[in-house]
Amino acid sequence: MHRTRIKICGLTREEDVDAVVAAGADAVGFVLYAPSPRYVSAERAAELASRLPPFVTPVLLFVNASAPEIIAACARLPTALLQFHGDESPQACLQSGRPFMRAARIPLDENPGHGSVAFDLVKYVQDYKEAQAILLDAHVEGYGGGGTTFNWSLLPPSVNAHLVLSGGLTPANVTDGILQVRPRCKTLAVDVSSGVEISATGGATLKGIKSAEKINQFVAAVRAADEQLVKNNVRLPAT
């Protein structure tokens, strides 16, 4: 069975990059979208990524960026995977010639009202068939999941794609998310941001400031899910 890969997103500090690497995560995400509170410039992302050892992948997150902006960022981080989180068409995602993930914004409304159309993930996967993976995030106002989960049980029972589960994941719920979604796809990875950030007074998180303790708890919960899948002898799709 393929183990569940882990990406920690929204990194802004050297010590957080080091904590992610020490915990054994597979990828780190840098948000190159200026309105985001976790925004870093391409130059800053390159500085942070320079701390990464071999086999830990930097990921650059874009939202409706121009082709020149994407190409310039790629020049600074030549080993980066791209993540498109806006309204990019399949053609726009291919312009840089780099491997990419495409975010799918999964509706929170389980019963779409009159005149609305339910999200078709199977069709979306086909539309973006050149993507290395499809990232599943909650559809909230703005771009990004806003730390919100969607109803995993409403996903199609079989999706012919590599999926990345995102949106409101935490050390407390990621095990359940993996157990529900992993049997539905070719392989599964997980992506967390706010769920491993330091908590401020009142329960909110300090956006872009990660907790090494929470990162380690998250990684441990993912490993526990993988062990549970093996123990349960869950039948997985052929890859």
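Contact means heavy atoms within 4.5 Å. By this criterion, residues 24 or more positions apart account for 62% of the contacts in the protein chain with a separation of 6 or more. The model is predicted: local features need pLDDT of at least 70, side-chain atom pairs count only at pLDDT 80 or more, and totals for chains, interfaces and linings use all residues. Residues are numbered from 1 along each chain as its sequence is written, and side-chain values use heavy atoms, with hydrogens and water left out.

The protein chain contains seven helices and 10 strands. These elements are DSSP runs, numbered from the N terminus (helices: H or I, at least four residues; strands: E, at least two). The C-alpha trace spans about 40 × 40 × 40 Å along its principal axes.

Of the 239 residues, 48% count as buried. Buried means under 20% relative accessible area, exposed over 50%, and partly exposed in between (1.4 Å probe, protein chains only). The accessible surface of the protein chain comes to about 11300 Å². Carbon and sulfur atoms contribute 52% of this surface. Areas come from the Shrake-Rupley method with a 1.4 Å probe; for residues, only the protein chains shown count as cover.

Helix H3 covers residues 67-76. Its residues Ile 70, Ala 73 and Cys 74 are buried. Seen down the axis of H3, the buried residues fall within an arc of 100°, so they line one face of the helix. The arc is that of the directions from the helix axis to the C-beta atoms. The buried residues of H3 pack against helix H2 (42-49), strand S3 (57-62) and strand S4 (81-84). Pro 68 and Ala 75 are exposed, on the face of H3 turned away from its buried side.

Asp 191 belongs to strand S8 (residues 185-192). With a relative accessible area of 4%, Asp 191 is buried. Neighbours within four places in sequence aside, Asp 191 is in contact with Lys 7, Cys 9, Gln 83, Leu 135, Val 164, Leu 165, Ser 166, Gly 167 and Leu 169.

Lys 231 lies in helix H7 (residues 212-231). Lys 231 counts as exposed, at 68% relative accessibility.
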